[in-house]
Amino acid sequence: MISFSNEIKNPYTELDKSIGGRFADNPATNACKLCAPLGASLVFKGIENCVPLIHGSQGCATYIRRYLISHFREPMDIASSSFAESSTIFGGAENFNAGIDNIISQYTPDVVGVCTSCLSETIGEDPGMLLGEYRSSRKDRELPAFINVATPSYSGNHMDGFNATVKAAVRCLCENGGGASCEMLNIFPGLVSPADMRYLKEILDDFGIDYMMLPDYSESLDSPTWDEYHKLPPGGTPRKRITQAASARASLQFGRVLGGNSRDSIGAGEWLEKQFKIKCLKPGMPIGIKESDIFFKTLETLSGKPMPEKYKNERGRLIDSYIDGHKYLFGKRAIIFGEEDFVVGMTALLSEIGVHPVVCGSGGESPHFADAINAVAGDAIKNFPEPPIIVNGADFESLLELALETRPDFLIGNSKGYYISRQMNLPLIRCGFPVHDRIGAQRLLHLGYRGAQQLFDAITNAVLEYNQDNSPMGYKYM
Amino acid sequence: MNDILKDRALQIATRTGNEEVNIDCSKASLAGSVSQRACVFCGSRVVLFPIVDALHLIHGPVGCAVYTWDIRGTVSSGPELHRQSFSTDLREKHVIFGGEKKLYTTLTSLIDKHNPKAAFVYSTCIVGVIGDDVEAICRKVEKEKHIPVIPVNSAGFKGSKKDGYKAACDALAQLIGTSDEPAPEFSINILGDFNLAGELWLLEEYYRKMGVNILARITGDGRIDDIRKAHKAQLNVVQCAGSMIHLAKDMEEKYGIPFKRVSYFGVEDMSQALYEVAEFFGSSHMMEKTRELVSEELSKLLPVLEKYRERLEGKKAVIYVGGAFKAVSLIKALRLLGIQTVVVGSQTGKKEDYEIMGRLCDPGTILVDDSNPLELAKFARETGADIFIGGVKERPIAFKMGLGFCDHNHERKEALAGYVGMENFARELYASVLSPVWQFAGMKEKAL
C-alpha cells in the first residue's frame with residue numbers, strides 16, 4: 001500500500017475533540033454519527049435470510065428501522081428483545097429466548113444476528129452466553145446460525161458497530177480455515193451504497209474473480225418491485241459463503257482508517273489474517289482516480305488479468321471530463337463530512353480535481369484519520385493556500401462554526417448538513433449516508449471510475465448551477 | 001412458518017356481526033415481534049418536542065438524541081431551538097463513574113449559549129441503571145440559571161410509548177401553574193396538536209373566528225410562558241387523547257378545568273370539535289359564529305370532496321397509526337370519500353378505543369393492536385386493500401405490495417387537520433391510488 005503518512009509531517013491543524021482540541025468542551029449538538037447497533041443492523045441486513053435482533057428496549061430497533069427506511073426506502077424488519085423493567089432488574093434472558101423463538105417461527109431465517117444495546121451492555125448481559133444457553137435448551141430442533149456482537153453506543157459509533165459486526169459474522173460463521181485453500185476472495189467494502197456494491201460485483205465478475213462480499217445489501221436493501229410477498233427481501237451474502245471466509249485466497253478490506261491497525265479498529269480482513277494467515281489487502285475506499293487505480297491494480301494482480309477495456313474506457317472518459325470541468329472547480333473550497341473512510345475517499349477525489357478541502361470532519365474518533373487524509377491529499381497540499389482543518393469527533397454545530405469561519409464554496413456529505421447549506425446559501429452535494437431528503441440514495445454511486453464520474457458531474461454541476469443562479473443575467477452557455 | 005405469533009392472537013380481532021370486539025391491548029410488545037412502537041423515551045420526546053423555546057437535552061449515549069433530531073415536521077412561528085439535537089453523549093467512563101458531572105456541564109453551557117425559557121432533561125435507558133440523580137442536577141441548575149429545569153423520566157424500558165406520554169405530561173404539569181398572569185374571557189388550551197405542517201394555525205384561525213382565545217398551545221408551536229399560565233384557561237380541548245389525557249385529567253383535578261376530547265381530522269369530527277367548544281361557553285353569539293364558519297367551510301369543501309369521491313368510491317383501506325383516536329377519525333373521513341376501512345389498528349389503543357372502532361367498521365374488518373410488518377402485509381393481502389394510511393415505517397410495506405400510501409404521521413408536509421386538511425387528505429389519497437405507476441407494479445395474487 002502506498003502511504004504518504006510518514007513523508008509529510010502533519011502540516012494540518014487538527015482540532016481533535018476526543019483528545020481535548022478546540023471543540024472538546026462543546027456539548028454534543030447535532031451529532032455527526034449514529035449509534036453502534038445501527039451499523040450492526042445494516043450488516044445483518046446484508047446477509048442472506050438474516051433477521052437482526054437488538055437486545056434492549058423496543059425503541060432502539062424502531063428508531064433504527066425508521067432511520068434506515070428513510071434512506072433506503074425498503075422494508076426493514078429488525079426485531080427487539082423488548083426489555084421491560086423486570087428484564088433490567090433480573091436480566092433479559094427470558095425476553096432474549098422468546099425473541100429468538102418468535103423470530104424463528106415467523107421468518108425461518110438462516111441466520112439470526114444479535115447485537116447488544118447500551119442498556120443490555122450496562123446491566124452486563126452476555127449474548128454469547130445467552131446464545132449458548134439458548135442452544136442447549138433447544139437441542140431438539142434445527143436452529144439457524146447465530147452471530148453475536150457487542151455494540152454499546154457509549155464505546156463506538158455506527159461505523160464501529162458496522163465493522164465489529166462484519167468481523168463478528170466471520171468469527172461466528174467461518175469454519176476453521178484451510179488457509180487459502182479455495183479460489184474465493186473475501187471483500188469487505190464497508191458502508192457503501194447498494195449501487196456501489198452492484199458495481200463492485202460487476203467489476204469482480206469482469207475480472208473473473210470468485211468472491212464473497214460481506215455485507216452485500218445490494219439487492220436486499222434496493223430490491224425491485226415485488227410480484228409476491230417476501231418476509232425477508234431476497235439477496236444478501238449467503239451464509240454458506242461466509243463459512244468459507246477462512247479458506248479464502250486473500251481478503252480485500254476497504255478503508256485507510258479502518259486499516260490503520262489501531263487497537264480497537266481491526267477489521268474482518270485483519271482478523272482473518274491474524275487468525276488464519278489469510279493475506280489482507282487494505283486499499284483505501286476507491287473514490288477518485290488515484291484510489292481507484294490502487295484498487296484496480298490489486299485486482300489485476302489477484303486475477304493475473306489486465307484491466308478490462310470497459311474500465312479503461314470509464315477511466316479515460318472520467319479524465320476527459322476532469323479536463324472539461326477543471327476550470328470551474330480549481331481553487332474552490334469544500335467542507336467534507338461523514339464517516340472517516342468516506343471523508344478520506346472524498347478528500348482523495350477533491351484533491352485530484354483542484355478543489356481545496358478546507359474542513360474534513362467526522363464524528364468518528366480514530367487516531368488514523370489525520371494520517372489517512374494526509375496520505376490521500378498527497379502533493380495536492382502544496383497548492384492549497386492553507387492546510388485542511390481535520391476534525392475528529394465532529395458534530396454539525398462545530399462544522400457550522402467552521403463553515404462560518406472558512407467560507408467554503410460548497411459542502412459535500414450526507415443530507416444532515418442541509419441546515420448549514422441553507423443557513424449559508426451554499427450548495428450541498430448529497431452523498432454517503434444518510435440521504436433522507438432526496439430520492440435515490442441507494443443508487444448513488446461513489447466507488448471506482450464510474451462512481452467518480454457521477455460525483456464529478458454532481459460537484460461540477462452544483463457549482464455551475466450556483467454560479468448561474470447567482471449571476472445577474474442567467475446565461476445560456478457556460 | 002407462522003404469520004401470527006401465538007402470543008399475539010388475542011391482540012387481533014375480526015368484526016363479525018354486531019357483538020363488541022374484544023382486544024387484549026395495553027400490554028408490552030412481544031419480544032421478537034417487530035413492533036412498530038418505539039419506547040418510553042420516544043413517547044416523551046415526541047410530545048415535548050414542539051415546545052420551541054425550550055432546551056431539550058437528552059441525557060445518554062448519542063443514539064437517542066440523533067434519531068430524534070428535528071424528527072417532527074412541527075412548525076414554529078418564532079424560535080427554533082427545538083430543532084437542535086442536544087446530547088450528553090455519554091461514554092464508557094460515564095457508564096462506569098456516572099454521568100452527573102457531564103450532565104451538569106453540558107446543561108449549564110447549553111443554557112448559557114442558547115438562553116432558553118426552560119430546559120427539559122430526558123433520561124434514557126442507562127441513566128437510571130448507572131444511578132445518576134438527574135432530579136438533583138436539575139434542581140441545582142434551576143437555582144443557578146433561574147429557569148425551570150425539568151427532568152423527564154423517560155428511560156426507554158420503563159413501559160411503552162404510552163408511559164412516555166405520561167412522563168411528558170408529568171413534566172408539563174411541573175410548569176403549569178407557575179405564572180399567574182390572568183387570561184381573557186373564552187380562553188382555551190389546545191392539548192395534543194403538534195402543529196405538523198402548521199395544522200395548529202389552521203385551528204387557531206377557526207377558533208379566532210368563533211371568538212375563542214387560545215391561551216396555551218400544548219405543545220405545537222408551544223411557548224414556555226404560555227404553558228406556565230395554562231391553568232388560567234376555562235377549558236382544555238384535547239386532541240390525540242392518548243398522549244395528553246393524563247395532563248387534562250391532572251389539570252381538572254388540580255385547577256378544576258374541564259376538558260373535551262376532540263379530533264380535528266375529517267369533516268364530522270372537526271365540526272363537532274368546534275361546536276362542542278361553542279356549546280361549552282354557552283354563548284349564542286359564539287354558536288352563531290361557529291355555524292357560519294362551519295357552513296362556509298363546508299360549502300367550499302364538500303363539492304371538492306365529491307369530485308374525489310367519484311374516483312375513490314369502493315376502494316379499500318388499511319389504517320395503522322400510533323394513536324387510536326386518530327384511527328377512529330380516519331375511518332369516518334374515509335367513509336365520507338366512499339372508502340371502506342378493511343384493516344384498522346394502532347400502536348397504543350385502549351380497549352374502549354377498539355370497541356369504538358369495531359362499532360364504526362363493517363363486518364369483516366380486521367382490528368389489531370401493536371401490529372408488526374408481517375401481520376400488516378398479511379392483512380392487507382387478504383383483504384385486497386388498495387391504500388395504506390400509516391407512517392414512515394409502514395410506507396415501504398405498502399409500496400412493496402403495490403398499495404397507495406398516505407403518510408399520516410410525523411413527516412407529513414401537508415396539513416391533514418381541519419377542513420383544508422380534509423381536502424389535502426382526499427387529494428393525497430387520490431394522487432397515490434390513481435397514479436399511473438401502479439400499472440407496472442403490484443402483487444400477482446392481488447390481480448387474481
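The model is predicted, so I note the ground rules: local features need pLDDT of at least 70, side-chain atom pairs count only at pLDDT 80 or more, and totals for chains, interfaces and linings use all residues. Residues are numbered from 1 along each chain as its sequence is written, while chains are lettered from A and ligands numbered from 1 in the order in which they are written.

**Domains of chain A**

I count a contact when two C-beta atoms, placed from the backbone, lie within 7 Å. On that basis ten residues of domain 1 of chain A meet six residues of domain 2 of chain A. The domain 1 side of this has four nonpolar, four polar and two charged residues. For classes, Ala, Val, Leu, Ile, Met, Phe, Trp, Tyr, Cys and Pro are nonpolar, Asp, Glu, Lys and Arg are charged, and the others, Gly among them, are polar.

**Helix H6 of chain A**

Helices (H or I, at least four residues) and strands (E, at least two) are DSSP runs, numbered from the N terminus. Buried means 20 or more other C-beta atoms within 10 Å of a residue's own, exposed means 12 or fewer, and partly exposed is in between, with C-beta atoms placed from the backbone.

Which residues of H6(A) (127–137) are buried? I find A:Pro127, A:Leu130, A:Leu131 and A:Tyr134. Looking down the axis of H6(A), these buried residues sit within an arc of 100 degrees, so they line one face of the helix; the arc is that of the directions from the helix axis to the C-beta atoms. On the other side of H6(A), A:Met129, A:Glu133 and A:Ser136 are exposed. The cover over the buried residues includes S3 (50–55), H4 (93–107), S5 (111–116) and S6 (145–149) of chain A.

**Where A meets B**

I get 54 residues of chain A in contact with 57 of chain B. On the chain A side, S2 (28–29), H2 (58–72), H3 (85–90), H4 and H5 (118–122) each supply at least two residues. That side has 22 nonpolar, 21 polar and eleven charged residues. S2(A) also runs antiparallel to S3(B) (86–87), joined by two bridges; strands pair if DSSP finds at least two bridges between them. A:Thr29 has B:Phe86 as its bridge partner.

**Sheet in chain A**

An open sheet of four strands has the order S8-S7-S9-S10 in chain A, with parallel pairing. S8 (211–213) and S10 (280–281) are at the edges with a single partner strand each, so one side of each lacks a neighbour in the sheet.

The largest nonpolar core has 298 residues, with B:Val318 and B:Ile319 having the most contacts inside it. Such a core is a set of buried Ala, Val, Leu, Ile, Met, Phe, Trp, Tyr and Cys residues joined through C-beta atoms within 7 Å. Among the residues that B:Ile319 touches are B:Leu330, B:Val343 and B:Ile389.

Conventions
Lists of a residue's contacts leave out its neighbours within four places in sequence.
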